[in-house]
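These are my notebook entries on one protein chain. I record what I looked up, entry by entry.

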Amino acid sequence: MSKVKYYYDSETLSYRKIERKKRRTFTYISIFILASALFGFLFVFIASQYIESPREKALKRELANMQLQFELLNKKMNEAETVLENIAQRDNTLYRMYFETNPIPDEQRKAGFGGVNRYKSLEGFDNSKLIIESHKKLDILQKQIVVQSKSLDEIAKLAEEKEKLLAAIPAIQPVRNEDLTRMASGYGYRSDPFTKVRKMHWGMDFTAPRGTPIYATGDGIVTRADSNSSGYGRHIRIDHGYGYVSLYAHLYKYNVRKNQRVKRGDLIGFVGNSGRSEAPHLHYEIFKDGNRINPINFYYGNLSAEEFNDLLEKASIENQSLD
């Protein structure tokens, strides 16, 4: 129960009851509510500046975690760039040099992206710079990976071709050293055994007993195995591709047929004395793009340095050929 208040009326010399007017009461209440609301707003405003809400704390932790993740991502991208640069350097200075192809210029490997602003949607945020730089670095890194991937695909094809080329080149001696009687005659001008006239000898003569095995000097396809070529007698021709053809003449018999595919080291025939020949031997020739070349330059596949030097010395002697 509220207290009743009185005031002294000097005119009547008595105490009168204080009557509170309803309007004044409403005014007081309104002022109180307004003051309370204002105080509450000031309190919330001040508190918001110095006191974090649980949601703000959660968002702040999430933002800090995202910043950490971006920093870790940038670190990993820097490491990836280092690895990619190392691969690119080996690609240019080792792989492409070995396969005799032009290196990829740095301008092509590290080219950026021109034209429209690709990152406009990422602008206007507190960490826009960090996000945009990360996206730029990632895009450039992806482009470099694509360039390097295409380069390695090209290198793989070149390696496959190089492997085929190395297997195809006639690179071994057609008769084993242990089967040879001697290296009778080399490439160059020699005395003809029948006319005694000095003329060009287009191959190498390997003296060996009749029936000595003869081996394919490189991978290829047998294009001829017949005796229809003047002077060669029974002979074999192998097309190795890349412009190389090898010829094996004066055979005793064949071990292959026309259109047969052979590998380096396959037994293809046997030494004989057919055709224009003075004694059992193998006459061996190599053609490159239709021109005869010296077979002595192609024996790196099965001869040691000493054996090759000995063969080179014997082949250089200008003597009488056997065909």
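Is Arg-292 buried, partly exposed or exposed? I found that Arg-292 counts as partly exposed, because its relative accessibility is 32%. The terms are set as follows: buried means under 20% relative accessible area, exposed means over 50%, and partly exposed lies in between, with a 1.4 Å probe and protein chains only.

**Entry 1: the model**

I note that this is a predicted model, in which local features need pLDDT of at least 70 and side-chain atom pairs count only at pLDDT 80 or more, while totals for chains, interfaces and linings use all residues. Residues are numbered from 1 along each chain as its sequence is written, and side-chain values use heavy atoms, with hydrogens and water left out.

**Entry 2: the whole chain**

I looked up the secondary structure and found five helices and 15 strands. These are DSSP runs numbered from the N terminus, helices being H or I with at least four residues and strands being E with at least two. Of the 323 residues in the chain, 32% are buried. The chain exposes about 21400 Å², and carbon and sulfur atoms supply 56% of this area. Accessible areas come from the Shrake-Rupley method with a 1.4 Å probe, and for residues only the protein chains shown count as cover. I also looked up contacts, which means heavy atoms within 4.5 Å. Among contacts between residues at least 6 apart in sequence, 64% join residues at least 24 apart.

**Entry 3: salt bridges**

I returned to Arg-292 and found that it forms a salt bridge with Glu-285, with the closest N and O atoms 2.9 Å apart. A salt bridge is a side-chain nitrogen of Lys or Arg within 4 Å of a carboxyl oxygen of Asp or Glu. Glu-285 counts as buried, because its relative accessibility is 2%. By this rule I count five salt bridges. Another joins the side chains of Arg-224 and Asp-226 at 3.0 Å, N to O. Arg-224 is partly exposed because its relative accessible area is 25%, whereas Asp-226 counts as buried at 19%. I also recorded the salt bridge between the side chains of Asp-289 and Lys-288, at 2.9 Å, N to O. Asp-289 counts as exposed at 56% relative accessibility, and Lys-288 as partly exposed at 23%.

**Entry 4: the largest nonpolar core**

Which residues touch the most other members of the largest nonpolar core? I found Ile-214, Ile-236, Ile-238, Tyr-248, Ile-268 and Leu-282, in a core of 23 residues. The elements that give two or more residues to this core are strands E6 (204-207), E9 (235-241), E10 (244-249), E13 (267-271) and E14 (281-288). The largest share, three residues, comes from E14. Such a core is a set of buried Ala, Val, Leu, Ile, Met, Phe, Trp, Tyr and Cys residues joined through side-chain atoms within 4.5 Å. In soluble globular proteins, nonpolar side chains tend to be buried together.

**Entry 5: buried polar residues**

Asp-205 is found in strand E6 and counts as buried, because its relative accessibility is 0%. The side chain of Asp-205 makes a polar contact with the side chain of His-283 at 3.0 Å. A polar contact is a pair of N or O atoms within 3.5 Å; within protein, one must be able to donate a hydrogen and the other to accept it, and residues adjacent in sequence count only if both atoms are side-chain atoms.

Ser-246, in strand E10, also counts as buried at 0% relative accessibility. Its side chain makes a polar contact with the side chain of Tyr-248 at 2.8 Å. Beyond four places in sequence, the contacts of Ser-246 include Ile-236, Ile-238 and Glu-285.

Asp-91 lies in helix H2 (residues 54-98) and is buried, with a relative accessible area of 0%. Beyond four places in sequence, Asp-91 is in contact with residues including Arg-96, Ile-104 and Arg-109.

**Entry 6: a nonpolar surface patch**

Which residues form a nonpolar patch on the surface? I found Leu-38, Phe-41, Leu-42, Phe-45 and Ile-46, with about 530 Å² of accessible area together. Patches are made of residues with over 30% relative accessible area and no salt bridge; like charges are joined within 9 Å, and nonpolar side chains (Val, Leu, Ile, Met, Phe, Trp, Tyr) within 5 Å. Leu-38 is found in helix H1 (residues 22-50) and is exposed, with a relative accessible area of 51%.
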